[in-house]
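Let's take a walk through this model together, starting with the overall picture and then stopping at a few spots along the chain. Keep the structure open as you read.

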Amino acid sequence: MATARGSRYLLTIGRWRRSFGVAPQFRALAALVPGVSHVDNKSDFLGKRPHRRHPGILQLSCVRLPQALADAAQLLLLEGAMPNMEKQVQVLTNYLWSRHLPVEPEELQRRAVLLEKKILENADSCQTEKHQEEVLRALRRTTYHWQKLSYSEGLSLVYMAARLDGGFAAVSRAFHEIQARLPEFQPQTLMDFGSGTGSVTWAAHSAWGQSLREYMCVDSSAAMLELAEKLLKGGSGSGMPCVPGVFFRQFLPVSPKVQFDVVVAAFSLSELPSKADRTDVVQTLWRKTGRFLVLVENGTKAGHSLLMDARDLVLNGKEKSPLDPRPGFVFAPCPHELPCPQLTASKPLACSFSQAYHPIPFSWNKKPKEEKFSLVILARGSPEEAKRWPRITQPVLKRPRHVHCHLCCPDGLMQHAVITARRHGRDLYRCARVSSWGDLLPVITPSELPPSPAQDAPES
């Protein structure tokens, strides 16, 4: 809808291009934040802290494993004495990052019908068995072959060397989001589905060790559970665990009366063989969630798509918990409950974030790394409890006198915002300039601005 304000923004963008010379590839995307002229300063945070510490800053500095965990991992790997460990770690890492979701039976049936039609069109005779064999061969050749990983003692060690530190970094970043935005939240119980090496337990202990008194680790692999317990005990089967109150089991608790303050599924939903299995698990995990459900996956299109399915399942689900009937809302990263704009774009992208970390100091593994991950944090309660500030979804581009920010906004749309001190005020400009990928930009949206006739007056 054309308005005086819209014309003013177009005029401002034109002036900005002439002054600073926007590259052609940015011209179609460049826009100003609609209706925003200053930061959301309701709590007067700018009068009490510098811009570089505004409340939308959520990025963690380079994460390091607890020393006891790093020492235990090194000891176990030394005792394992597995040959070509570096090569095995690289092979497993590449496999996990190149993995797609398993093809659903309905999709497989649809592909088979199409292939059969194509083969019959070019067939000279009606040999049914021969056609069926051709269809099966074509399906095997063109369909992604998903396999469930069976973690033996050896593969568990390789997985620990490959993923313990990166998984710890991603989950630490997710927990830090809750901590930074709700410092008063002090959980007492946590459940980790698909606990693997136990990195979630260590990250939760680092975040809320003073309040957490029970950690329930659930994993179908007995070898993984044994490895996680050894890591807790300093790399041995005996001794006192570094984190008290940790319990291990191979199956989810079935009682509907058992709930946990925080429920986590990190890199485990992608290990389930079908959408039906994922649906059952997500519904179960949500029923067992007292406050926060934290879902983390690889920062790939497959990982992001899987998390969006889980997000929609919880938001649209009719199922209520017998212990807590409160509905769910998205705490992070989305500032809305609308469809993900990354998936509806003409070229869908994965909504992912990055966290720097120091790896376990093996001989081949000494330089800091980046963990790219996707996450969804769902919470019980009302969306009004969460700040609905735009989320920065890509690295911030800092240029002379202006900043490029790619934002996921509360209206459910993506926006490439070009922020300048002249148009948006010094406070907002400086907040944008010190923000990073994954942070929130603390701005007031048009609905929060007080009505003012002067706002729509055209510029002279």
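Helices and strands here are DSSP runs, numbered from the N terminus: a helix is a run of H or I with at least four residues, and a strand is a run of E with at least two. By that count, the protein chain has 14 helices and 14 strands. Before going further, keep in mind that this is a predicted model, in which local features need pLDDT of at least 70 and side-chain atom pairs count only at pLDDT 80 or more, while totals for chains, interfaces and linings use all residues. Residues are numbered from 1 along each chain as its sequence is written, and side-chain values use heavy atoms, with hydrogens and water left out.

Now for the chain as a whole. Buried means under 20% relative accessible area, exposed means over 50%, and partly exposed is in between (1.4 Å probe, protein chains only). Of the 460 residues in the protein chain, 48% are buried. Contact means heavy atoms within 4.5 Å. Taking the contacts with a separation of 6 or more, 78% are between residues 24 or more positions apart.

Next, have a look at a helix pair. Helix α3 (residues 67–80) and helix α9 (residues 222–232) have axes that come within 8 Å and cross at roughly 125°. Those axes are lines fitted to C-alpha atoms, for helices over the stretch in contact, and the angles run from 0 to 180 degrees between N-to-C directions. Angles under 35 degrees count as roughly parallel, over 145 as roughly antiparallel, 65 to 115 as roughly perpendicular and the rest as oblique, so α3 and α9 are oblique to each other. On the α3 side the contact is made by Leu69, Ala72, Ala73 and Leu76, and on the α9 side by Leu227, Lys230 and Leu231. Sorted by type, that makes six nonpolar residues, no polar ones and one charged. For that sorting, Ala, Val, Leu, Ile, Met, Phe, Trp, Tyr, Cys and Pro count as nonpolar, Asp, Glu, Lys and Arg as charged, and the others, Gly among them, as polar.

Gln67 is exposed, at a relative accessible area of 53%.

The loops have some backbone details to check. Asn84, in the loop between α3 and α4 (85–98), is not a glycine, yet has a positive phi of about 55°. Arg401 also has a positive phi, of about 65°, without being a glycine; look for Arg401 in the loop between β12 (397–399) and β13 (402–408). Asn84 is exposed at 58% relative accessibility, and Arg401 is exposed at 60%. For a cis peptide bond, go to Ala332 and Pro333, where omega is about -5°. Pro333 sits in the loop between β8 (328–332) and α12 (341–344).

One more loop residue: Glu271, between β6 (260–266) and α10 (275–287). Is Glu271 buried or exposed? At 15% relative accessibility, Glu271 counts as buried. Beyond its neighbours within four places in sequence, Glu271 is in contact with Leu96, Arg99, Trp146, Lys148, Leu149 and Tyr151.

Finally, the cysteines. A disulfide here is a pair of cysteine sulfur atoms within 2.5 Å, and a search of the whole structure finds zero of them. Cys405 is buried, with a relative accessible area of 1%, whereas Cys242 is partly exposed at 37%.
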